Protein chains: 2
Amino acid sequence: MSLSDNKKRITIKDVADVAGVSTQTVSRVINNFSYVSTDTRQRVKGVIEDLGYLPSMLARSLCQQRSYTLGVVVYGLKYIGPSQALNGIAEAAEKLNYMVLMKVLDEYYSTKDVKSVIDSLISRHVDGIIWTAPEIDESHAWLKYLLDSIPVPINFLAMVPREGLLSISLNNYEGAILAVQHLLDIGRKKIAHISGPLTWWVATERKRGWRDTLEKEGLSVPDHSCTEGNWSLTSGKRAFLQLYEAYPDMDAVFVANDQMALSVLREARRLGINVPEQLAVVGFDNIAESAFFCPSLTTVSQDQQLIGEVAVNSIIEMIQAEQENLALVDAHSRFITPTLIVRESSGSFD
Amino acid sequence: MSLSDNKKRITIKDVADVAGVSTQTVSRVINNFSYVSTDTRQRVKGVIEDLGYLPSMLARSLCQQRSYTLGVVVYGLKYIGPSQALNGIAEAAEKLNYMVLMKVLDEYYSTKDVKSVIDSLISRHVDGIIWTAPEIDESHAWLKYLLDSIPVPINFLAMVPREGLLSISLNNYEGAILAVQHLLDIGRKKIAHISGPLTWWVATERKRGWRDTLEKEGLSVPDHSCTEGNWSLTSGKRAFLQLYEAYPDMDAVFVANDQMALSVLREARRLGINVPEQLAVVGFDNIAESAFFCPSLTTVSQDQQLIGEVAVNSIIEMIQAEQENLALVDAHSRFITPTLIVRESSGSFD
DNA sequence: CTGAAAGCGCTAACAC
DNA sequence: GTGTTAGCGCTTTCAG
C-alpha cells in the first residue's frame with residue numbers, strides 16, 4: 001500500500017482554523033443555515049474541498065439527538081422474499097437520506113434475543129425500527145413487555161394488525177381469494193389447499209381466504225382437502241403426496257407458496273397427472289422460476305420490494321411528525337394488494 | 001398507545017447521581033474495567049437495572065474513535081446469492097459484536113456513487129468496509145483515485161486479486177475445472193459452454209477453467225462451442241438455442257450458473273433432447289431449485305454464506321491488528337474452494 | 001452576519 | 001478504589 005494514510009480525521013475545527021473563521025461559521029456553511037456572507041461561504045467551501053473534510057455524522061447525531069438511521073431487524077435473509085423486502089427498505093431509506101443499521105434474527109430466536117437486538121439498536125440511537133420478522137406463533141408476545149420501553153416508532157411487517165401499532169403486510173387473505181376465485185372461474189369444484197405452517201399468520205390468512213371463498217360458493221370444504229407444508233420444496237412434495245392419497249378426486253390445488261407449488265408440478269408429472277387438464281395448480285409469491293417451469297405456474301404476486309419501500313416511507317413520516325411535534329400521526333395497519341398472474345398451470349396457454 | 005413514553009434518554013450521569021458515585025465509576029462497572037469494590041459494583045448494577053439504563057454506543061464511538069460498526073456495500077440484493085452472502089456477513093458480525101451499516105448500490109452505479117457511498121460510511125465512523133459488489137468491467141477503476149483517501153480497511157468480494165488489498169472470492173477457475181473434468185470423466189468429448197456476461201470477472205474465470213481443462217486434455221475448443229448469457233433464465237434459453245444451432249453435435253454443456261442451466265434443461269426437454277444420455281448438463285451455484293428439477297442438476301456449489309463469514313473475520317482481524325498497533329496484518333487475497341455436486345443431469349441416478 | 005460558551009454521553013489520563 | 005478534568009466533533013443558544 002502506497003497510502004499516504006492521513007489517519008487523523010479532519011474536523012470542523014481544522015477547517016475553521018484554515019479558513020480563519022469560527023467552527024460555527026463552518027457549521028452554517030455545511031448545513032446551508034442562516035446567513036453567511038457569500039465571500040466567507042466561498043472561502044470555507046474551498047477549504048472544505050481542499051482538505052477533503054467530511055462532517056462526522058456521529059458527532060452530529062449525538063448533539064442533535066437524531067441519527068438519520070433506521071434499525072432494520074431481518075429474519076430469513078437467506079430466502080428470496082425477505083431479501084427483496086430488505087432491498088426495498090435500503091433503497092427507500094437511501095432516497096430519504098437515512099442509513100440502515102441491520103440486525104439479523106436467527107431461526108429460533110427468543111424474547112431474550114429480541115430484547116438484546118432492540119437494545120443494541122436503541123444504544124445506537126436509531127430514529128426508528130423496521131421489524132421484518134413475520135408473526136409466527138408467539139413470536140410477538142414480547143410486545144406486551146417490551147414495547148413501552150422502546151422510545152422510537154416501530155413498523156412491523158407481516159404482523160397481525162394491532163390497535164395503535166404501525167404495521168404493513170401483504171393482503172394475504174385477498175390474495176388467496178384471487179387464486180381460488182380464479183380456479184372456480186375456470187370450472188373447478190374440488191379445490192384442495194396446501195398451506196404454509198399454520199403457526200405463521202400469513203399462512204392462516206391464505207388458508208382462511210381459500211376456505212371462505214369455497215364456502216361462499218356453497219362448496220363443501222372437507223378436512224382432508226388441506227394439508228400443511230413448511231414452505232420448502234421437500235415439504236411441498238410430501239404434502240402433495242399426502243393430499244393425493246386423501247383426496248384423489250380433487251381437480252385443483254391452491255398452494256401457499258411457489259416453492260411448494262413447483263414441487264407439486266414436478267410430482268404431478270412424475271405421477272402422470274396432467275396439469276392443468278386433470279389438476280390445476282396456483283401458487284403464491286411469483287418467484288422467478290415460476291414463469292419458467294413446465295408448465296409455467298399461475299401464482300399470486302406479492303411485491304416485496306414495494307412492501308419494504310412503503311414500510312420506510314411510513315415510519316419516516318412518523319419520525320418527522322414526532323420530530324416537528326406535529327399532531328402525532330396515528331399508527332395504522334396498512335395492506336398491500338396482491339395481483340394474480342395466470343399462466344399454464346391453470347389453463348392459459350400463451 | 002398506553003405508553004408511559006419516558007422519551008428522555010437515561011444517561012450515565014443519571015445512574016451516577018442515583019448511585020451516589022461518579023460517572024467514571026459507572027463507566028468502570030459497565031465495562032468491567034479495573035477495580036471497583038464489590039459493594040459499589042453491586043449498587044451501581046442495581047441502579048442500572050432499576051433505571052433501565054442503556055449505554056450510548058454513539059457517545060462511546062465518538063470518544064473511543066471506534067464504532068464497532070462495519071459498512072457493507074451491497075449489490076444485487078434482489079438475487080439469492082448476494083443476500084446469502086449478506087446473511088453470512090451479518091451473522092458473523094453479530095457474533096463478534098459488530099453492527100452492520102448497509103448501503104446498496106444500484107445496477108448502474110458510477111464512480112460518483114461509489115464516492116458518496118464511501119463518504120457516508122466514513123462519516124459514520126465505520127471501522128471497516130466490506131465491498132460485495134463484484135468486479136464488472138471498469139467497476140473498480142475508482143480504486144486508483146479513491147483508495148488513498150479511505151482511512152479504514154476494505155475487504156472486496158469477487159474482485160480480481162490486487163497486490164496489497166484484502167479480498168475474498170470463490171475460486172471460480174477451480175470450480176469450472178471440477179465441472180469440466182467431471183464431464184470428461186463420464187466420457188464426454190464435445191463440451192460446450194454457456195458463459196455469464198464476460199464483463200464479469202467471475203464469468204471470465206469460469207470460462208477460462210472450461211477452456212483450459214479441455215485444452216489440457218488435447219481437445220479442440222472451437223469458437224462456436226461457447227455462447228454468452230447474462231445469468232438470467234431468459235438468456236439461458238436464448239444462449240442454448242444459439243448453441244444448439246451452432247454446435248449440434250455437442251454431448252455436454254457446462255453452464256456458468258444454475259438459473260441458465262435450468263433453462264437449458266427445460267429447453268432440452270422441449271426439443272426432445274435426452275438429458276443426460278444425449279446431453280449432460282452441469283451448472284454453477286447450487287441454488288435450491290437445482291436439486292428439484294427433472295432431471296436434477298449437477299452443479300458446482302459455492303457457499304455464499306461462508307464467503308460472507310470469512311470476509312467479516314478477515315477484516316475484523318485486520319481492524320484489531322491496526323487498533324492494537326500490532327505489526328499490520330498484510331492484506332491478502334483469499335479464495336474459497338467450491339465443491340461439485342453430481343446429480344441426474346450428468347448421469348447419476350440416485 | 002459572526003463568534004464564544006455550553007453541552008450531547010461517554011471515556012482516557014491523571015490525580016487523590 | 002474512586003473522583004476530576006479534558007475532550008471526542010459537532011450544534012445550539014445567546015451575544016455581539
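Helices (H or I, at least four residues) and strands (E, at least two) are DSSP runs, numbered from the N terminus. A:Lys115 is partly exposed, at a relative accessible area of 40%; buried is under 20% relative accessible area, exposed is over 50%, and partly exposed is in between (1.4 Å probe, protein chains only).

A word on what you're looking at: this is a predicted model, where local features need pLDDT of at least 70, side-chain atom pairs count only at pLDDT 80 or more, and totals for chains, interfaces and linings use all residues. Residues are numbered from 1 along each chain as its sequence is written, chains are lettered from A and ligands numbered from 1 in the order in which they are written, and side-chain values use heavy atoms, with hydrogens and water left out.

Now for the pair of chains.

How do the chains meet? In all, 59 residues of chain A touch 60 residues of chain B, contact meaning heavy atoms within 4.5 Å. Between them the chains bury about 5,700 Å², with 61% of it on carbon and sulfur atoms; buried area is the accessible area (1.4 Å probe) that two parts lose on being put together, summed over both. On the side of chain A that touches chain B, helix 5 gives the most, with eight residues.

Two salt bridges cross this interface. One joins A:Lys103 to B:Glu94 (3.6 Å, N to O). In another, B:Lys103 pairs with A:Glu94, their closest N and O atoms 3.5 Å apart. That pair runs from strand 2 (residues 99-105) of chain B to helix 5 of chain A. B:Lys103 is buried, at 9% relative accessibility, while A:Glu94 is partly exposed, at 24%.

Over all chains, the count of salt bridges comes to 22. Within chain B, B:Arg162 and B:Glu135 form one with closest N and O atoms 2.9 Å apart. B:Arg162 lies in the loop between strand 4 (154-157) and strand 5, and B:Glu135 in the loop between strand 3 (128-131) and helix 7 (143-146), so the pair ties together parts that are 27 residues apart in sequence. B:Glu135 is buried, at 9%, and B:Arg162 is partly exposed, at 25%. Back in chain A, salt bridges link A:Arg266, A:Glu267 and A:Arg270 in a network.

What about disulfides? The count over all chains is zero, a disulfide being a pair of cysteine sulfur atoms within 2.5 Å. For B:Cys294, the nearest cysteine sulfur is that of A:Cys294, 11 Å away.

Conventions. Salt bridge = Lys/Arg side-chain N within 4 Å of Asp/Glu carboxyl O.
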